[in-house]
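Reader: I would like to go through this model term by term. For each label, please give me the value and the cut-off behind it.

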Amino acid sequence: MRLILLGAPGAGKGTQAKKLSKKYGIPKISTGDILREAMQKGTALGLKAKSYMDSGQLVPDDVVIGIVEEKLKDKDCVKGWVLDGFPRTLQQAQALDRILTGIRTSIGHVLNFEVDEEKIIKRISGRRSCESCQSAYHIYFNLPKKDGVCDSCGGRLIQRNDDKEETVRERLKVYQEKTQPLVNYYSERSLLKKIEADDDIENVFTRICSFVL
Ligand code: AP5
């Protein structure tokens, strides 16, 4: 199973990537999570990414391509993988093709999450994320068992820096400009499947599982 999850910020990619990873026992590679973890640890990568992420811009292509290439070459990825938040530009998509050819594998499906923009703003403004393991919750749609505490690791739930409405609108603009063209890129290669993601989390998951099997 080799999946790419494509879709606007807040479309539910991270939520579904986690469920797919657990159900099928394959690693999820979430570039946003990797970059946030690096920021939290104050590594060179984190320092480089911070100003881009805080302002809703994309981190430079060479930085994220390097991260994903290293992960995909890991032996954990032999069984398959879920890419969440990568690729996000044409350059990243072309680099991914080169990396996969180099390791003699290919993309299985590209799932394009479709959700109305106003719903996205509502989803993101209510999101709370675990500061340790990055699991996403929602104050209405996806509550943790204990208020403010992550079900998976017991970490503290916080609001992401880039989840302020103004930054979210910028992220949506960047998405339209830089990432939306990938819908055609993958559609022309007959890899794209539309996912009606404007539904509750379990229904979206059932829909995805029926597509990818
Ligand atoms: P990243 O972390 O990838 O953010 P994103 O793509 O903007 O996506 P989000 O994490 O906001 O949303 P999601 O689709 O995962 O939704 P979620 O499941 O959390 O990237 C952040 C930044 O990092 C970028 O702006 C950029 O700077 C940098 N970056 C990352 N990758 C990069 C790359 N490849 N190139 C360059 N820069 C890169 O769900 C959202 C909320 O809704 C949650 O609260 C959830 O509980 C809830 N929810 C989920 N599904 C449903 C549902 N079906 N119904 C109701 N609520 C739901």
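Reader: Where is the place of Gln 134?

Author: Gln 134 is in the loop between strand E5 (127-130) and E6. Strands here are DSSP runs of E with at least two residues, helices are runs of H or I with at least four, and both are numbered from the N terminus. This is a predicted model, in which local features need pLDDT of at least 70 and side-chain atom pairs count only at pLDDT 80 or more, while totals for chains, interfaces and linings use all residues. Residues are numbered from 1 along each chain as its sequence is written, and side-chain values use heavy atoms, with hydrogens and water left out.

Reader: Why does Gln 134 count as buried?

Author: Its relative accessibility is 15%. Buried means under 20% relative accessible area, exposed means over 50%, and partly exposed is in between, with a 1.4 Å probe and protein chains only. Gln 134 at 15% is therefore buried.

Reader: What is the phi of Gln 134?

Author: Phi of Gln 134 is near 75°, a positive value in a residue other than glycine. Most residues other than glycine have a negative phi, and most peptide bonds are trans. Phi is also positive at Ser 190, near 55°. Ser 190 lies in the loop between helix H8 (181-187) and strand E8 (192-196).

Reader: Is Ser 190 buried or exposed?

Author: Ser 190 has a relative accessible area of 68%, so the label is exposed.

Reader: Which residues does a cis peptide bond join?

Author: Phe 86 and Pro 87, with omega about 0°. Pro 87 is in the loop between strand E3 (81-84) and helix H5 (90-102).

Reader: How do you know that the charged end of Arg 189 sits over the ring of Tyr 185?

Author: The rule asks for NZ of Lys or CZ of Arg within 6 Å of the ring centre and within 35 degrees of the ring normal. The charged end of Arg 189 is 3.6 Å from the centre of the Tyr 185 ring and counts as over it. The charged end of Lys 19 also sits over a ring, that of Phe 205, 5.0 Å from its centre.

Reader: What makes the link between the side chains of Lys 119 and Asp 198 a polar contact?

Author: A polar contact is a pair of N or O atoms within 3.5 Å; within protein, one must be able to donate a hydrogen and the other to accept it, and residues adjacent in sequence count only if both atoms are side-chain atoms. The value for Lys 119 and Asp 198 is 3.2 Å, so the distance passes. Lys 119 is in helix H6 (residues 117-125) and is partly exposed at 43%.

Reader: Which backbone oxygens lie 3.3 Å and 3.1 Å from a polar atom of the side chain of His 138?

Author: That of Lys 122 lies 3.3 Å away, and that of Arg 123 lies 3.1 Å away. His 138 lies in strand E6 and counts as buried at 7% relative accessibility.

Reader: Which residues come nearest to the ligand?

Author: Thr 15, Gln 57, Arg 127, Tyr 137 and Arg 171, out of 35 residues around the ligand. A residue is near if one of its heavy atoms lies within 4 Å. A backbone N or O atom of Tyr 137 lies 2.6 Å from an oxygen atom of the ligand, and a polar side-chain atom of Arg 171 lies 2.6 Å from a ligand oxygen atom.

Reader: Which element supplies the largest share of the shell around the ligand?

Author: H2, with four residues. Helix H1 (13-24), helix H2 (31-41) and strand E6 (136-138) each supply at least two.
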